[in-house]
Amino acid sequence: MISKGCEQCAKGGKMVLFVYGYCDQRDCFYCPLGENRKNVQQVYANERPVEDDEDIVQEAKLMDALGTSITGGEPQEVLDRTCRYLRLLKDEFGEDHHTHLYTGITGGRENVRRLSEAGLDEIRFHPPYEQWGDLHGTEWEEILYTAREEGLTPAFEIPGIRAEPEFLEFLDEGAAEFCNVNEFEMSDGNYERMQEAGYELQEDHMSAVDGSKEAILEEMADHEKVYFCTSVFKDAAQHRSRLKRMARNVRREFDDVTEDGTLVYGKTTVSPQRIRDLGVPEEFYTVKSDHVEVAWWLLEEMVEEGDIDSGEIVEQYPTYDGQVVERTPLA
């Protein structure tokens, strides 16, 4: 089974709203947060630092967001902030803008009521790993029913550390609507701690943990309400689809959009006047403070014919931070 939130994510249509970098409940050895996100107050909409509400609205529009996932740190620890952003999203984009939230604490009835009234659709709980298999009869069982009573869709979202039958029991009992299991991964943020805990990378893989998914696939993934999300799918489908959505909206007339959703253009340090003298139409170049960006195929042709000494072809993400993927010199 795949939830509505996951359907939108698979299409690259979910904006990620990072509302808070602190999590006071525990310091999980597998926490993937990097140094720029861990223990910070800064809010991010995807890669964009949020200084005001308009930043969130603009980022959502740039990617034609179908919905938003709210994460941290711990979003419930800044409940006023989280609820304000939920209301903002619903007011701006309507009730069909699907919202889900990841949380590592139960929070209680008052919290889930406030989240529901603010516009949250789906709440995904991540109980402490140390309590897995012992959740029945605790606040974790109670909060699932409480969330449902308050109008939310309750679910589990857990890292694929091990197969845990108790999560299937909650599904069969009707307490949780679904359970997402994310392939266990190592990242820059958790690599050292994961190695100290005895985990290693899968051979020929950039992030998946060795031996982390076989038992889960065997014992859990056959359940109709369990969805196993692989690291390959996250990278190849979700991320690429989001980039493509953004690229369509931010590309300039002369930017080439690749199958991976990146933008390709030419860059040269010759003067803008030289570009004009060569007859390049205005729509095929942009003047920056210390260089000119131009259609890559035109720049390649001008360098080959000796009209310009040098330049480079740049491939970059269409995101706010504009991360460069590759530079190819022309000379």
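Author: Let's start with the word "contact", which means heavy atoms within 4.5 Å. Of the contacts in the protein with a separation of 6 or more, 65% are between residues 24 or more positions apart. Keep in mind that this is a predicted model, where local features need pLDDT of at least 70 and side-chain atom pairs count only at pLDDT 80 or more, while totals for chains, interfaces and linings use all residues. Residues are numbered from 1 along each chain as its sequence is written, and side-chain values use heavy atoms, leaving out hydrogens and water.

The protein has 11 helices and 15 strands; these are DSSP runs numbered from the N terminus, with helices being H or I of at least four residues and strands being E of at least two. Let's zoom in on helix 3, residues 79-93.

One partner is helix 2 (residues 53-62), packed against helix 3 at about 50° with the axes 11 Å apart. An axis is a line fitted to C-alpha atoms, for helices over the stretch in contact, and angles run from 0 to 180 degrees between N-to-C directions. So helix 2 is oblique to helix 3: under 35 degrees counts as roughly parallel, over 145 as roughly antiparallel, 65 to 115 as roughly perpendicular, and the rest as oblique. From helix 3, the contact uses Arg 84, Tyr 85, Leu 88, Leu 89, Glu 92 and Phe 93, while helix 2 brings Asp 53, Ile 56, Val 57, Ala 60 and Lys 61. That contact has 7 nonpolar, no polar and 4 charged residues.

Another partner is helix 4 (residues 109-118), whose axis comes within 8 Å of the axis of helix 3 and crosses at roughly 20°. That makes helix 3 roughly parallel to helix 4. Here helix 3 uses residues including Leu 79, Cys 83 and Leu 86, and those of helix 4 include Arg 114 and Leu 115. This contact divides into 5 nonpolar, 2 polar and 4 charged residues.

Now for the inside. Leu 17 and Ile 123 touch the most other members of the largest nonpolar core, which has 62 residues. Helix 3 gives the most to this core, with 6 residues. A nonpolar core is a set of buried Ala, Val, Leu, Ile, Met, Phe, Trp, Tyr and Cys residues joined through side-chain atoms within 4.5 Å; buried means under 20% relative accessible area, with a 1.4 Å probe and protein chains only. Among the residues Leu 17 touches are Ile 56, Tyr 85 and Leu 89.

Terms used. Nonpolar A, V, L, I, M, F, W, Y, C, P; charged D, E, K, R; others polar. Buried < 20%, exposed > 50% of the residue type's maximum accessible area, 1.4 Å probe, protein only. Lists of a residue's contacts leave out its neighbours within four places in sequence.
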